[in-house]
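I wanted to look up some salt bridges and a helix pair today.

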Amino acid sequence: MLKVDHVTKYYGDFLAVDDLSFTVKPGEIFGLLGVNGAGKTTTFRMIMGLLDPSSGSITLNGKKIDYDVTDQIGFLTEERSLLTKMTVKEQCLFYGTLKGMKEKDILNRLEELLERFEISEYKDKKIKELSKGNQQKIQFITAIINNPKLLILDEPFSGLDPFNIELFKNEIITMSNQGSMIIFSSHRMEHVELFCKKLVVMLNGRSVLEGYLSEIKDQYRKKNILIKGDVKKSELEKVDGVLEVVEKADEFEVKIKDHTIAAKVFEAISKHKKITKFVVEEPSLNEIFVAKVGESYDK
């Protein structure tokens with residue numbers, strides 16, 4: 001388990017991370033989110049042992065993270081970090097060796113991953129000869145060449161088309177199923193929703209929202225119901241707890257006092273036989289993120 005325990009980091013007088021705590025268990029995909037400058041990169045660097053916290057502690061399976069432990073970590077940075085004059089094979093041998101792997105094991109793992117990502121023919125090509133999307137594949141391969149127990153992914157889908165996003169997604173889920181701990185960071189909230197059951201949203205170095213995504217969505221549940229069918233506006237307005245009914249082109253948007261009123265609305269229209277839509281709207285993670293960050297800025 002990765003444990004970040006009341007971690008604070010100062011750069012001189014500047015407070016970059018402020019009393020941050022979270023855990024990631026084996027098999028979990030954890031979202032670490034925030035606007036630019038929120039403290040995510042500093043947090044990543046502390047997790048990898050590149051920076052020491054000013055206070056607090058970070059442990060991986062109960063051990064302080066040092067060079068012995070970092071062999072169990074993989075990191076895909078948002079920026080390209082490939083040596084472009086090297087071939088794909090040379091690049092992966094370099095990274096694998098840094099992780100303490102034997103050459104034979106690196107080459108076997110490389111063959112497996114190149115085939116999985118459908119780029120076996122690029123093994124002896126120089127990095128600079130590859131497209132941006134294929135460079136991103138190689139960067140991902142170098143991050144997982146050592147089958148890391150902890151994998152940090154910072155904007156992993158940058159430069160990828162939908163087909164290749166699916167390849168990455170399948171590999172991330174496979175690693176999670178095999179017990180890897182994965183920290184996933186992205187500005188694309190729809191990507192976070194693909195994977196993360198638990199998350200932290202950072203702002204100005206602090207956690208402003210944390211917990212399981214399902215519970216967060218329930219907490220921020222919209223008080224709207226979308227209804228399509230042979231129901232009348234006046235009928236909906238009579239339901240106790242309905243605040244407003246907005247008539248749109250082919251449906252009604254019913255604004256309710258709280259989510260418990262949805263059952264009353266459903267009961268009131270259940271006698272109709274031509275109801276083709278009844279949806280209690282669920283907030284997107286993007287809407288929650290904007291609402292929470294905006295709320296925090298206002299304080």
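This is a predicted model: local features need pLDDT of at least 70, side-chain atom pairs count only at pLDDT 80 or more; totals for chains, interfaces and linings use all residues.

**Salt bridges and a helix pair**

I searched the whole structure for salt bridges and got 15.

I started with E28 and K198, whose closest N and O atoms are 3.4 Å apart. E28 sits in the loop between β2 and β3 and K198 is in strand β9, so this pair ties together parts that are 170 residues apart in sequence.

Next I looked up D240 and K264, which meet in a salt bridge at 4.0 Å, N to O. D240 lies in the loop between α9 and β12, K264 in helix α10, and the two are 24 residues apart. D240 has 60% relative accessibility; exposed means over 50%, so D240 counts as exposed. K264, at 40%, is partly exposed.

Then came K277 and E251, with 3.0 Å between the closest N and O atoms. K277 is in strand β14 and E251 in the loop between β12 and β13, so the bridge ties together parts 26 residues apart in sequence. K277 is partly exposed at 26%, while E251 is buried at 13%. I also jotted down a network: R109, E112, R116 and E171 are joined by salt bridges that share partners.

Last entry, the helices. I found α3 and α4 packing at an angle of about 125°, with their axes 10 Å apart, and they are therefore oblique to each other. The crossing is right-handed. Among the contact residues are C92 and L93 of α3 and I106 and L107 of α4. By class, I noted 7 nonpolar, 2 polar and 2 charged residues in that contact.

Technical notes:
Residues are numbered from 1 along each chain as its sequence is written. Side-chain values use heavy atoms; hydrogens and water are left out. Axes are lines fitted to C-alpha atoms, for helices over the stretch in contact, and angles run from 0 to 180 degrees between N-to-C directions. Helices (H or I, at least four residues) and strands (E, at least two) are DSSP runs, numbered from the N terminus. Angles under 35 degrees count as roughly parallel, over 145 as roughly antiparallel, 65 to 115 as roughly perpendicular and the rest as oblique. A crossing is left-handed if the near helix is turned anticlockwise from the far one by less than a right angle, and right-handed if clockwise. Contact means heavy atoms within 4.5 Å. Ala, Val, Leu, Ile, Met, Phe, Trp, Tyr, Cys and Pro count as nonpolar, Asp, Glu, Lys and Arg as charged, and the others, Gly among them, as polar. A salt bridge is a side-chain nitrogen of Lys or Arg within 4 Å of a carboxyl oxygen of Asp or Glu. Buried means under 20% relative accessible area, exposed over 50%, partly exposed in between (1.4 Å probe, protein chains only).
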